[in-house]
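This report goes through the parts of one protein model in turn. Look at the sequence and the structure below before reading on.

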Amino acid sequence: MRRYDYLVVEGPHDVEFVARLLKVYDFHRVQHLRDLEQFWERLVPRTFPPDGDLLKRVPIPTFFQNSTHSIAVHAAIGESAMIKRLEESRAALSDETSISSYGLILDADTKETPQQRFEKLIAELRQKNMGLPYPTYPGEVTATQPAMGVYILPDNQTPGTLEDILLAGAEVNYSQLRSIADQYLRTIDQSRLSTEDMKEFNKPAGRRKAHVGSIASILKPGRAIQNSIQDNRWLDGDAMQLEVVRAVSQFLIDLLALEKRQ
């Protein structure tokens, strides 16, 4: 019997980032319902569209399995949505005591330190009275059953996002593309574009997101960035040995009780 673990992350890019780190441990993505552990079927929506909204993304986790583990990775953007997703999933899984660990992975916020964002998240979780064993600092995994951990990207200490990790990986495996994309972004004349045009770009993480997107547009033309994270070499080879990558990997090892591999 496999053990069950449940993660909430802050978007589809984060799902693929986690998937890439799990690949080392022989996890594969579950594509067909017939191959999914019956335990998780209660998280598979039975109606469409969700809440009658034809444009709303179907709130289904991405499932990963190997010979020992079955993991549900749910995407939700922002603390409140992540907490709601966790709360709803626990309610749907009436036998939630079978879950070995709960994890949340989210970006740091430039308006707050990673510790402040962590404390805000934990405070909101406590208000829900879910009875979970909350960690005391970001990156910690509780020695409880179930275990629980919260990781604030990129490294629990520095303001930033997943894109900082991807760009570090790109420096290793796609250094020329990374440099050319950076030069391209520097040549943009914002005076020829409207404020609305540059609204997303000028957000705190906008330039880094554009940088990643520019590289991905070469590696996977016309495809979403998550496809590039899944298929290309952002985290291959020596990039996996970067400290910022090793730290997240160690968090997953501790949370999921995996046997560490090189």
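The model is predicted.

**The sheet**

The sheet is open and has six strands, in the order β2-β3-β4-β1-β5-β6, with mixed pairing. Strands β2 and β6 (147-153) stand at the edges, and each has a single partner strand, so one side of each is left without a neighbour in the sheet.

| Strands | Sense | Bridges |
|---|---|---|
| β2 (residues 28-29) and β3 (residues 62-65) | antiparallel | two |
| β3 and β4 (residues 69-75) | antiparallel | four |
| β1 (residues 3-9) and β5 (residues 99-107) | parallel | six |

Arg29 stands opposite Phe64 in β3. Gln65 has Ser70 in β4 as its bridge partner, and Leu7 has Gly103 in β5. Strands β3 and β4 also form a hairpin, with three residues between them.

As background, side chains in a regular strand alternate between the two faces of the sheet.

**Helices on the sheet**

Which strands does α1 touch? Helix α1 packs on the sheet and touches β1, β2, β3, β4, β5 and β6. The direction of α1 makes about 160 degrees with that of β4. Helix α2 (residues 79-92) lies across β1, β4 and β5, and runs at about 165 degrees to β5.

**Helix α1 against helix α4**

Two packed helices are described by the angle between their axes and the distance between the axes. Helix α1 (residues 12-22) and helix α4 (residues 162-173) pack at an angle of about 50 degrees, and their axes are 11 Å apart. That angle makes α1 oblique to α4. The crossing of the two helices is left-handed.

Which residues meet where α1 and α4 pack? From α1 they are His13, Asp14 and Phe17, and from α4 they are Leu162, Glu163 and Ile165. The residues of this contact divide into three nonpolar, one polar and two charged.

**A buried arginine**

Arg20 also lies in helix α1. Is Arg20 buried or exposed? The relative accessibility of Arg20 is 13%, and a residue under 20% counts as buried, so Arg20 is buried. Leaving aside residues up to four places away in sequence, Arg20 touches Leu235, Asp236 and Met240.

Most residues other than glycine have a negative phi, and most peptide bonds are trans. The cases below depart from one or the other of these patterns.

The bond from Gln145 to Pro146 is cis, with omega near 0 degrees, and Pro146 is found in the loop between α3 (114-127) and β6. The bond from Leu153 to Pro154 is cis as well, with omega near 10 degrees. Pro154 has its place in the loop between β6 and α4.

Asp26 is not a glycine, yet it has a positive phi of about 65 degrees. Asp26 sits in the loop between α1 and β2. With a relative accessible area of 53%, Asp26 is exposed. Ala257, which is not a glycine either, has a positive phi of about 55 degrees and lies in the segment after α8 (243-256).

Technical notes:
Residues are numbered from 1 along each chain as its sequence is written. This is a predicted model: local features need pLDDT of at least 70, side-chain atom pairs count only at pLDDT 80 or more; totals for chains, interfaces and linings use all residues. Side-chain values use heavy atoms; hydrogens and water are left out. Axes are lines fitted to C-alpha atoms, for helices over the stretch in contact, and angles run from 0 to 180 degrees between N-to-C directions. Angles under 35 degrees count as roughly parallel, over 145 as roughly antiparallel, 65 to 115 as roughly perpendicular and the rest as oblique. A crossing is left-handed if the near helix is turned anticlockwise from the far one by less than a right angle, and right-handed if clockwise. Contact means heavy atoms within 4.5 Å. Ala, Val, Leu, Ile, Met, Phe, Trp, Tyr, Cys and Pro count as nonpolar, Asp, Glu, Lys and Arg as charged, and the others, Gly among them, as polar. Two strands pair if DSSP finds at least two bridges between them. Buried means under 20% relative accessible area, exposed over 50%, partly exposed in between (1.4 Å probe, protein chains only).
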